[in-house]
Amino acid sequence: MTSLNQIINQLNQIAINHAQINGFGFGEDFDISTQQEQYPLMWSNVLDSSINDKILTVGIGILILDIVSDDDRNMKDTLSDCLSIACDVYALLAQENDYYEVQPSVSLTPLFEAFPDKVNGWRMDLTVNIVTGVNRCQVPLK
């Protein structure tokens with residue numbers, strides 16, 4: 001079974017391998033800028049999740065952010081670039097594999113001058129379905 005840690009590690013690998021992403025983080029959105037971030041930044045967190053008939057459905061929120069210049073001259077560029085990066089991340093996550101399936105419907109929300117670092121970008125909320133194969137025989141009981 002795929003774990004949440006494996007999905008987060010895969011997101012980190014996508015960030016490392018993507019030519020336009022300079023930083024990756026995981027945690028609550030308010031943790032952004034608590035340290036020196038490298039932009040463009042991919043930040044992820046966990047959203048509401050559920051189990052239904054041995055399918056673990058995990059909500060993942062992914063932020064793609066870049067710094068807006070003081071004169072806002074690059075506002076359109078940051079939005080455009082971050083949207084393109086978000087589409088790339090979705091394409092890499094959604095590629096067919098034996099471990100999980102990304103639901104095809106994904107929500108994208110624009111962000112304007114968000115967070116203390118004054119960044120633009122996009123929030124992508126997606127859902128990952130994992131076949132758990134959970135049964136009581138697999139529970140590590142004492």
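**Reading a pocket and a core**

Author: Strand 6 contributes three residues to the lining of the largest pocket, the most of any element. The model is predicted.

Reader: Which other elements give two or more residues to that lining?

Author: Besides strand 6, they are helix 2 and strand 4 (101-102).

Reader: How many residues line the pocket, and which lie nearest its centre?

Author: The lining has 15 residues, and Asn97, Asp98, Tyr99, Tyr100 and Glu101 are the ones nearest the centre. The volume of this largest pocket is about 180 Å³.

Reader: How does the lining divide into nonpolar, polar and charged residues?

Author: Eight are nonpolar, four are polar and three are charged.

Reader: Now the core. What is the general idea with nonpolar side chains?

Author: In soluble globular proteins, they tend to be buried together. Here, the largest nonpolar core has 24 residues, and Ile62, Val89 and Leu93 touch the most other members. At least two residues each come from helix 1 (4-17), strand 3 (55-67), helix 2 (75-94) and strand 6 (119-131). Helix 2 supplies the largest share, six residues.

Reader: Which residues does Val89 touch, leaving out those up to four places away in sequence?

Author: On that count, Val89 touches Leu11, Ile14, Ile21, Met42, Ile62, Ile64 and Met124. Of these, Ile62 is itself among the core residues that touch the most other members.

Reader: Which residues does the second core include?

Author: This core is separate and has nine residues, among them Ile32, Tyr39, Leu41 and Leu63.

Technical notes. Residues are numbered from 1 along each chain as its sequence is written. This is a predicted model: local features need pLDDT of at least 70, side-chain atom pairs count only at pLDDT 80 or more; totals for chains, interfaces and linings use all residues. Side-chain values use heavy atoms; hydrogens and water are left out. A nonpolar core is a set of buried Ala, Val, Leu, Ile, Met, Phe, Trp, Tyr and Cys residues joined through side-chain atoms within 4.5 Å. Buried means under 20% relative accessible area, exposed over 50%, partly exposed in between (1.4 Å probe, protein chains only). Helices (H or I, at least four residues) and strands (E, at least two) are DSSP runs, numbered from the N terminus. Contact means heavy atoms within 4.5 Å. On a 1 Å grid over the protein atoms alone, a cavity is a set of points where a 1.4 Å probe fits but cannot get out, and a pocket is an open set with protein on both sides within 12 Å along at least five of seven lines; lining residues have an atom within 4 Å of a point. Grid points are joined across faces, edges and corners, and a volume is the space filled by probe spheres set on the points. Ala, Val, Leu, Ile, Met, Phe, Trp, Tyr, Cys and Pro count as nonpolar, Asp, Glu, Lys and Arg as charged, and the others, Gly among them, as polar.
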